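Welcome! Take a moment to look at the sequence and the model, and then let us walk through them together.

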Amino acid sequence: MQAWLDAIVRMSSTRANYWLEVALDVGLGAILLAAGWQRSNGPGIALAAVATGLFAFSFIEYFFHRWMFHTRIPLFAQGHDKHHREPLGYDSLPFFLPAAILLGLTGLLVLVLPAGFTFLMAGAATFGYVAYGVSHFVIHHVRFKRPLLRRWAAAHHVHHYHPDSNFGVTSPLWDYLLGTRYVRQPRQPAA
Ligand SMILES: [Zn+2]
Ligand SMILES: [Zn+2]
């Protein structure tokens with residue numbers, strides 16, 4: 001068991017694992033959106049499903065980063081610890097894990113919600129995850145010139161120094177709502 005786990009963690013830090021994950025999730029997202037669109041009841045409801053999926057993903061991103069990656073759960077925490085030490089590496093989750101989690105959540109939701117709505121929502125959430133992966137990669141590999149983009153990237157760089165704040169990568173929404181947005185401490189006036 002331990003040998004298996006070690007092998008999976010080693011694989012998860014390779015470049016091939018990283019891009020395989022992106023390809024798998026883009027494929028899964030496209031299939032879910034197509035399946036949802038076929039079963040949907042008009043563009044208005046479809047748009048609402050996509051918006052709900054993206055909103056839900058923003059919380060999933062925050063939830064996993066705060067309560068899964070920054071814990072001792074091996075598959076989640078090991079790669080993330082290494083990413084905190086070596087931000088330019090390819091450490092991420094095993095390529096199949098996010099797709100498996102997203103499919104599992106979809107399977108649960110389709111039991112209680114209409115299939116068209118669920119698939120569109122799950123497809124949007126999957127693309128939210130792809131956007132998170134690409135954003136995180138770009139934040140560490142690109143130096144932005146535009147002030148707005150610099151501020152957006154800076155929030156995540158701050159997380160690397162203060163791992164108990166700024167868990168949102170694509171957006172700061174849940175950090176504001178749940179009080180984990182990093183606030184620079186005012187300098188103490190000289191006595
Ligand atoms: Zn990072
Ligand atoms: Zn982190």
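Let us start with one helix. In H4, the residues Gln-78, Gly-79 and His-80 are buried; a residue is buried if 20 or more other C-beta atoms lie within 10 Å of its own, exposed if 12 or fewer, and partly exposed in between, with C-beta atoms placed from the backbone. Helices here are DSSP runs (H or I, at least four residues) and strands are runs of E of at least two, numbered from the N terminus. The buried residues of H4 pack against helix H1 (2-11) and H3. Two residues are in contact if their C-beta atoms, placed from the backbone, lie within 7 Å.

How far apart are the end C-alpha atoms of H4? They are 16 Å apart, which agrees with the 16 Å that its 12 residues (74-85) should span at 1.5 Å a residue, because the expected span is 1.5 Å times one less than the number of residues.

A word on the model itself: it is predicted, so local features need pLDDT of at least 70 and side-chain atom pairs count only at pLDDT 80 or more, while totals for chains, interfaces and linings use all residues. Residues are numbered from 1 along each chain as its sequence is written, and chains are lettered from A and ligands numbered from 1 in the order in which they are written.

**The whole chain**

The chain has eight helices and zero strands, so its elements run α-α-α-α-α-α-α-α from the N terminus on. Its C-alpha trace spans about 65 × 45 × 30 Å along the principal axes. Of the 191 residues, 28% count as buried. Among contacts with a separation of 6 or more, 69% are between residues 24 or more positions apart.

**The core**

Which residues touch the most other members of the largest nonpolar core? They are Ala-49, Leu-120, Met-121, Ala-122, Ala-124 and Ala-125, out of 20 residues in that core. Helix H2 (15-39), helix H3 (43-69) and helix H6 (115-141) each supply at least two of the core residues, and the largest share, 10 residues, comes from H6. A nonpolar core is a set of buried Ala, Val, Leu, Ile, Met, Phe, Trp, Tyr and Cys residues joined through C-beta atoms within 7 Å. Leaving aside residues up to four places away in sequence, Ala-124 touches Val-50, Gly-53 and Leu-54.

| Pair | Angle between axes | Axis distance |
|---|---|---|
| H2 and H6 | about 155 degrees | 7 Å |
| H3 and H6 | about 45 degrees | 7 Å |
| H5 and H6 | roughly 160 degrees | within 10 Å |

Axes are lines fitted to C-alpha atoms, for helices over the stretch in contact, and angles run from 0 to 180 degrees between N-to-C directions. Angles under 35 degrees count as roughly parallel, over 145 as roughly antiparallel, 65 to 115 as roughly perpendicular and the rest as oblique. H2 and H6 are therefore roughly antiparallel, H5 and H6 are likewise roughly antiparallel, and H3 and H6 are oblique.

The crossing of H2 and H6 is left-handed, and its contact residues include Leu-28 and Gly-29 of H2 and Ala-122 and Thr-126 of H6. H3 passes H6 in a right-handed crossing, where residues including Ala-49 and Val-50 in H3 meet residues including Leu-120 and Ala-124 in H6. H5 also passes H6 in a right-handed crossing, with Leu-102 of H5 and Thr-126 of H6 among the residues making the contact. A crossing is left-handed if the near helix is turned anticlockwise from the far one by less than a right angle, and right-handed if clockwise.

Leu-28 sits in helix H2. Is Leu-28 buried or exposed? Leu-28 is buried, because 22 other C-beta atoms lie within 10 Å. Leu-28 touches Ala-99, Leu-102 and Thr-126, not counting residues up to four places away in sequence. The C-alpha atoms of Leu-28 and Leu-102 are separated by 9.2 Å, although the two residues are 74 residues apart along the chain.

Leu-103 is found in helix H5 (residues 97-109). Leu-103 is partly exposed, because it has 14 other C-beta atoms within 10 Å.

Asn-166 lies in the loop between helix H7 (147-161) and helix H8 (173-178). Asn-166 counts as buried, because it has 21 C-beta neighbours inside 10 Å. Its phi is near 55 degrees, a positive value in a residue other than glycine. Most residues other than glycine have a negative phi.
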